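Reader: I am new to this structure and would like a friendly tour. Could you show it to me before I start asking?

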Amino acid sequence: MQERIDELLAAARAELSQAGSDAALEAWRVAHLGRRSALTGILRSIRDLPPDERRAAGQAANAARQSLEEALAAHRDSLSRREDESGADVTMPGYPVRLGRLHPLTRTLREIRAVLAPLGFRAVSGPEVEWDRYNFELLNIPADHPARDMWDTFHLQQQARPGDLLLRTHTSPVQARVMEQVRPPVRVIVPGKVYRYENRDASHESEFMQVEGLAIDEHITMADLRGTLTHFVRAMFGPDRELRIRASYFPFTEPSAEAEMSCHACDGGGCSVCGGSGWIEILGAGMVHPTVLANVGYDPEVYQGFAFGMGVERIAMLKYGVTDIRSFYRNDLRFLRQFH
Ligand code: FA5
């Protein structure tokens with residue numbers, strides 16, 4: 001009996017400490033001291049006990065009742081004192097607290113990292129203000145190479161020269177930085193901001209994010225690239241996605257490829273998301289060019305590898321059905337609140 005009473009007391013006290021208004025106090029009183037409360041039930045059942053137990057049980061239950069009544073009075077008193085001291089009505093409901101959420105690009109970036117990390121890709125970073133040497137030269141794009149036109153560059157000096165500083169136009173310069181520092185095997189991803197002197201439109205930003213991937217070892221082939229990217233699109237967009245690799249051109253890869261996945265909106269049948277083709281381009285990739293390997297001191301006869309570079313906003317647009325890339329950077333809460 002005493003045990004049951006102790007339990008009731010503990011529960012009632014815990015509840016009382018949460019009561020912050022007159023209404024809550026009254027509800028508590030009815031629940032714990034009212035006619036239908038457990039304690040009143042115990043008091044009533046005492047007459048059914050054997051005579052020699054009645055006295056002790058009666059005393060215990062009455063003492064419990066009294067202690068709860070005192071606790072109630074004390075709590076009521078402290079509530080009204082709190083109100084007096086601050087001059088505020090502490091029983092007034094508070095302002096609702098709005099929970100913050102992760103930005104859709106942060107979520108996409110985290111998801112990309114989470115898909116690639118188990119394959120052994122470690123995330124590294126590099127500078128956004130970069131030397132021409134890393135952004136272009138070491139990547140097999142010497143000065144005056146026509147491929148420089150593929151990246152409209154913000155130069156930090158008047159004229160583009162090999163020793164000049166610029167805002168990196170892609171995350172690929174970090175390939176060279178990593179390879180200069182470590183010996184193979186290499187397996188890294190590089191998430192980061194990149195900048196291009198471009199007109200902004202629904203699918204182009206002048207400041208956006210990329211994730212670069214790089215894997216170098218002794219026996220890496222196109223099949224490894226294909227396997228990695230197939231795993232990536234299935235993990236990001238569902239197990240039914242197919243990967244298609246088409247020939248492309250980047251000066252720092254040979255062969256170069258454009259990876260496309262079967263459209264996740266129509267399953268490859270053709271719709272407005274994929275422009276009717278059933279395929280969506282998701283990234284540029286290829287086998288690292290032997291010249292790039294030699295530039296960083298790797299022997300291209302011994303080591304090979306693959307690299308890829310994707311646009312994070314473009315992946316997020318596909319994932320969330322966003323039709324204008326600029327929405328990500330407008331800070332419009334009506335847009336941002338859609339992403340739970
Ligand atoms: C590159 O930047 C290469 N560095 C990618 C690469 C890495 C190829 C490693 C081979 C090996 P590209 O310019 O195509 O390639 O850009 C890669 C991705 O960035 C595009 O597929 C696209 O998703 C995204 N992207 C490019 N330009 C913009 C832009 N203006 N706004 C938003 N995203 C863009």
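Reader: Which residues form one aromatic cluster?

Author: Happy to start there. This is a predicted model in which local features need pLDDT of at least 70, side-chain atom pairs count only at pLDDT 80 or more, and totals for chains, interfaces and linings use all residues. Residues are numbered from 1 along each chain as its sequence is written, and side-chain values use heavy atoms, with hydrogens and water left out. Rings of Phe, Tyr and Trp (its six-membered ring) pair if their centres lie within 6.5 Å, and planes under 30 degrees apart count as stacked, over 60 as edge-to-face and the rest as tilted; the cluster is formed by Tyr-320, Phe-328, Phe-335 and Phe-339.

Reader: How many aromatic pairs are there by this rule, and is the pair of Trp-151 and Phe-252 stacked, tilted or edge-to-face?

Author: The count comes to 10 aromatic pairs. Trp-151 lies in the loop between α6 (132-135) and β3 (165-167), and Phe-252 in the loop between β6 (243-248) and β7, so the pair ties together parts that are 101 residues apart in sequence. Their ring centres are 5.8 Å apart and their planes are at 35°, so the pair is tilted.

Reader: Which kind of pair do Phe-335 and Phe-339 make?

Author: Phe-335 has 14% relative accessibility and counts as buried (buried means under 20% relative accessible area, exposed over 50%, partly exposed in between, with a 1.4 Å probe and protein chains only). Phe-339 is buried too, with a relative accessible area of 7%. The two ring centres are 5.1 Å apart and the planes are at 70°, so the pair is edge-to-face.

Reader: Is α8 parallel, perpendicular or oblique to α10?

Author: Axes are lines fitted to C-alpha atoms, for helices over the stretch in contact, and angles run from 0 to 180 degrees between N-to-C directions. Helix α8 (residues 222-237) and helix α10 (residues 312-320) pack at about 45°, with their axes 11 Å apart. Angles under 35 degrees count as roughly parallel, over 145 as roughly antiparallel, 65 to 115 as roughly perpendicular and the rest as oblique. That makes α8, relative to α10, oblique.

Reader: Which residues make this contact?

Author: Contact means heavy atoms within 4.5 Å. From α8 come Phe-232, Met-236 and Phe-237, and from α10 come Ile-315, Leu-318 and Lys-319.

Reader: Is Ala-316 buried or exposed?

Author: Ala-316 is found in helix α10. Not counting residues up to four places away in sequence, Ala-316 touches Leu-105, Thr-108, Gly-321 and Phe-328. Its relative accessibility is 0%, so Ala-316 counts as buried.

Reader: What is the direction of α1 relative to α2?

Author: The axes of helix α1 (residues 2-18) and helix α2 (residues 22-33) come within 10 Å and cross at roughly 170°. That makes α1, relative to α2, roughly antiparallel.

Note on methods
Helix = DSSP H or I, 4+ residues; strand = E, 2+ residues; numbered from the N terminus.
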